[in-house]
Each structure stands twice: as structure tokens, then as C-alpha cells.
Amino acid sequence: MTHLLHRAIHSRLPVAVRGEGIYIHDSEGKAYIDASGGAAVSCLGHSHPDVLKALHEQLDAIAYAHTGFFTTDVAERLGDRLIEDAPAGLEKVYLVSGGSEAVEAALKMARQYFVETGEHGRRHVIARRQSYHGNTLGALAAGGNEWRRTQFRPLLIETHHISPCYAYRHQHEGETAEEYGERAARELEEKILELGEDLVMAFIAEPVVGATSGAVPPAPGYFRKIREICDRYGVLLILDEVMCGMGRTGTLHACEQEGISPDLMTIAKGLGGGYQPIGAVLLSGRIFEAFEQGSGFFQHGHTYMGHPMAAAAGLAVQEVIRRDGLLANVVAMGEHLADGLAKRFGQNANVGDIRGRGLFQAIELVENKETKAPFDPVLKVNAHIKREAMDRGLMVYPMGGTIDGREGDHVLIAPPFISTKGDIEAIVDRLGAAVDAAIGSTGR
Ligand code: PLP
């Protein structure tokens with residue numbers, strides 16, 4: 001009998017014993033293509049020799065040194081690398097252990113910034129429905145996915161939500177993509193005015209929405225308008241690139257494709273590629289100066305922040321991506337994946353939308369393509385797809401998002417950046433068979 005809670009709940013989980021390239025092998029000798037990179041994490045695949053070497057060297061040198069006593073070369077070098085490649089205006093890095101920690105820290109940085117600058121009234125956080133920013137209480141409060149929040153509501157700080165920018169569901173007929181983007185962004189302005197323009201602290205959003213709705217890219221111009229609105233009302237813009245960042249969409253940061261820079265940016269997942277738990281907040285020079293000239297520090301901290309092993313993983317992963325020109329491969333393989341999905345699912349009566357950027361693509365499943373009505377949640381179409389895919393040696397990331405108050409089904413595909421054309425074709429083939437079998441089993 002297992003004592004692990006996650007195994008006790010998911011009793012049928014196979015046991016992973018070895019990872020190699022894009023494959024994970026289980027204890028029964030079965031190989032799975034890791035086409036979801038876990039949860040959009042394993043950007044270099046598994047057991048990359050350069051990352052393993054860097055980790056062994058770091059372990060031999062020093063595994064842990066508390067940041068209250070020491071800095072380390074490896075953390076300094078990672079900080080330098082992240083700022084060298086950062087969106088304009090981001091000047092400092094705060095290293096943590098994962099995405100939720102990064103979001104918590106970013107929210108507290110935003111609040112402390114306004115305390116340091118004397119705007120004590122600014123406390124409201126605005127986020128979007130159908131977003132996910134993590135599972136710790138602050139991050140969960142910011143997230144807009146109701147089913148994750150409901151039972152914890154009494155513990156959550158008050159946050160405010162506007163509509164997501166989700167063209168497939170919300171763009172009106174006769175409206176251009178640009179007009180839709182402008183309309184969706186205007187909701188932020190309306191919410192700021194409703195709450196009181198001097199009381200809003202931050203707006204947080206994922207540039208390309210991941211777990212809750214499946215690789216939903218923004219409408220053209222949406223984020224430029226969001227940036228303008230934040231600037232007009234003195235609201236800090238936090239971009240959560242935990243899932244869509246670090247090269248996943250074909251540029252190192254997803255916001256580069258929107259032509260904007262945030263005041264705070266959270267990254268994790270692909271930063272360390274799963275070789276160690278690591279996340280970070282990148283903050284603007286303006287926020288840093290407020291801390292420096294104010295209380296002189298950021299009132300926060302975690303035991304494992306700046307962990308040398310995690311920093312070594314992050315640095316090695318990012319060096320391999322740069323050295324091997326892997327962002328170009330993300331773009332090329334992303335196009336191949338998008339073409340493959342379009343060919344395989346374009347005519348499928350239950351695939352309503354195919355979307356994404358780079359190696360961050362998704363299909364959205366619907367019961368009725370005309371009306372876009374989702375499947376009844378009791379059918380658990382996503383769970384069936386996951387099981388059928390695993391049976392065929394394929395890992396994809398099926399999550400139910402909330403569509404207009406109901407659960408919906410999408411499948412997120414986020415394979416490693418080292419994937420080849422043949423790998424992408426195998427992913428599409430196996431996914432096609434899994435989706436057919438899963439939908440067939442619903443009897444719809
Ligand atoms: N933010 C986004 C956009 C995420 O997708 C996630 C995780 O899926 C998180 C934050 C939380 O990250 P973690 O699970 O590393 O705490």
C-alpha cells in the first residue's frame with residue numbers, strides 16, 4: 001500500500017524509472033513520448049548530458065548555501081543571463097523554487113512598491129477568468145478558475161476578474177481580431193474605474209494562456225492596449241510566463257511577440273527544464289529603486305531561494321537552448337505541429353479550435369462544432385483522452401477549463417524543444433488515435 005497521497009488518489013499511475021530524450025520509460029518497460037513536457041516543463045527532454053554534467057559539478061562544489069549568508073557564482077551567472085535576455089526595463093531577478101512562489105513574490109513586490117512610494121491605498125489585484133497562477137493562497141486568489149478556488153474561498157484575498165482574451169469563445173461575428181482585442185482590453189479600464197483608480201495595485205495575466213484554456217494566444221494589439229491602460233492608471237503589469245515563457249512559444253519570452261514589457265514577470269517550469277525546481281521574478285529598475293531607496297530590502301524570503309543546484313540547472317538549460325539554437329527549432333517544429341494538427345483534426349466534428357504558438361499548441365473539444373457547446377463534464381472526455389493516449393505511449397496535458405461556468409475539454413501539446421519532425425508526426429498520429437477512441441467511447 002502506498003503512503004504517497006498522489007499515488008493513493010491516482011492508483012493506476014505507472015512508475016517512471018528512466019528518462020531519455022523525449023521519452024519516459026516505466027517499470028514495465030513501456031516508453032511514453034513526453035509530448036506535454038510534463039506540464040510544459042521538460043523543454044530539453046530527459047537526461048540531457050550537458051545538464052547532468054553541470055548538476056554533477058555543482059553537487060561536487062556545493063549543494064546549498066543560504067542566501068542570508070552567501071551568494072554563489074552560479075546564482076549570479078543565472079541572474080546575469082536572465083537579465084541579459086530580459087524584456088526592456090526588467091533589471092533584477094529574484095530566484096525562488098517554482099511558479100506559485102514566483103507569483104506570490106510578484107504580488108508582494110507590487111504591494112511593497114506602493115507602500116515604499118507612499119500610495120498605501122493601492123491593494124486591488126485584477127486578473128482574468130479562466131486563468132491559473134498557482135495553488136498557494138495568493139496565487140490561487142489571483143487565478144480565475146472557479147473549481148480550484150471554491151472550497152478555499154474563505155482563505156483567499158479579494159481579487160477581481162475580467163474576461164479572458166479568448167477569440168474562439170468571445171470574438172463577435174463581424175468584429176475583427178483587432179477590434180475584439182481592443183474590446184477585451186477595455187474591460188480592464190472599466191474594472192479599474194469601478195474599483196477606484198488609486199486603489200488598484202496590479203493586473204496579472206498570462207500572455208498565452210496555458211493550463212486553464214489550452215494555449216490561447218491573445219488577439220493582436222490586446223496586450224499593447226493593456227500596457228497603455230496600466231500606464232494611464234499607474235497600475236503594475238505582472239505577466240505570468242510560468243508556462244508560456246522561456247522559449248515555449250518560439251521567442252524566449254511570450255511577451256516579445258506582443259511588443260510590450262511588464263513591470264514584473266514570473267517564470268519557472270522551462271527555466272530549469274524539470275532538472276531542478278526553480279522559478280524567478282524579474283522586476284523593473286523602477287521597482288528595485290523603490291525598495292533600495294525605501295526600506296532597503298524586499299520583505300519576503302524562502303529557505304531554498306537561490307538554491308545553487310536549481311541555479312545550475314537553470315543556467316545549464318538556458319545555455320543549451322542558446323548554444324544549440326533551439327528557439328529556431330521551436331518555431332520550425334511548432335509550424336510542423338500546427339500543420340499536422342490542422343490536417344489530422346481540421347475536419348473532426350468534435351474539434352472546435354486548433355491554436356497556439358511555437359511548441360505550445362492545443363485542440364479544444366466540443367460536442368457540437370456549430371454551437372461550440374462543450375461536452376457534458378460527466379463524460380470526462382479529457383480523462384478518457386489522457387488514458388487512451390497513455391495506452392498508446394503518449395503524454396499530453398488534458399485539463400478541463402471552465403467555459404462560461406461549465407467545464408470544457410482541451411488537450412495541450414508542449415513537447416521538448418529538441419523534438420524532430422518524426423517525433424512531431426508520431427505525436428499527432430498517437431493523439432489522433434487517442435482522441436478518436438476517447439470520443440468513440442462517449443457514445444456521442
Ligand atoms: N502560473 C502559471 C501560468 C502556471 O501554469 C503554473 C503552473 O501550472 C503556475 C503559475 C504555478 O507554478 P507551480 O506549479 O510551479 O507552482
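Which residue just after α9 takes a positive phi? Glycine 196 does, with a phi of about 110°. The views below show a predicted model, in which local features need pLDDT of at least 70, side-chain atom pairs count only at pLDDT 80 or more, and totals for chains, interfaces and linings use all residues. Residues are numbered from 1 along each chain as its sequence is written.

View 1. Helices (H or I, at least four residues) and strands (E, at least two) are DSSP runs, numbered from the N terminus. Helix α9 covers residues 177–195, and its 19 residues should span 27 Å at 1.5 Å a residue; the end C-alpha atoms are 28 Å apart, which agrees. The expected span is 1.5 Å times one less than the number of residues. The buried residues of α9 are Tyr180, Gly181, Ala184, Ala185, Leu188 and Ile192. Seen down the helix axis, these buried residues fall within an arc of 140°, so they line one face of α9; the arc is that of the directions from the axis to the C-beta atoms. A residue is buried if 20 or more other C-beta atoms lie within 10 Å of its own, exposed if 12 or fewer, and partly exposed in between, with C-beta atoms placed from the backbone. The face turned away from the buried side carries the exposed residues Glu190, Leu193 and Glu194.

View 2. Strand β11 (residues 351–357) pairs with β12 in the antiparallel sense over 6 bridges; two strands pair if DSSP finds at least two bridges between them. Aspartate 353 has glutamate 364 as its bridge partner in β12. The hairpin has 2 residues between its strands, and glycine 358 in the turn has a positive phi of about 55°. In a regular strand the side chains alternate between the two faces of the sheet. Phe360, Ala362 and Glu364 point one way from β12, while Gln361, Ile363 and Leu365 point the other way, and all are buried. Because 6 of the 6 residues of β12 (residues 360–365) are buried, the strand is largely enclosed by the rest of the structure.

**View 3. The open sheet.** An open sheet of 4 strands has the order β1-β2-β3-β13, with mixed pairing. Its edge strands, β1 (16–20) and β13 (394–395), each pair on one side only. Between β1 and β2 (residues 23–26) the pairing is antiparallel, over 4 bridges. Glutamate 20 has tyrosine 23 as its bridge partner in β2.

**View 4. Two loop residues with positive phi.** Most residues other than glycine have a negative phi. Alanine 215, in the loop between β7 and α10, has a positive phi near 50°. With 31 C-beta neighbours inside 10 Å, alanine 215 counts as buried. Lysine 372, in the loop between β12 and α14 (381–391), has a positive phi of about 65°. Lysine 372 is partly exposed, with 16 other C-beta atoms within 10 Å.

**View 5. The shell around the ligand.** The ligand is surrounded by 15 residues, the closest being Gly98, Gly99, Ser100, Gly134 and Val242; a residue is near a molecule if its C-beta atom, placed from the backbone, lies within 6 Å of it. Helix α5 (residues 99–116) provides the largest share of the shell, 3 residues.
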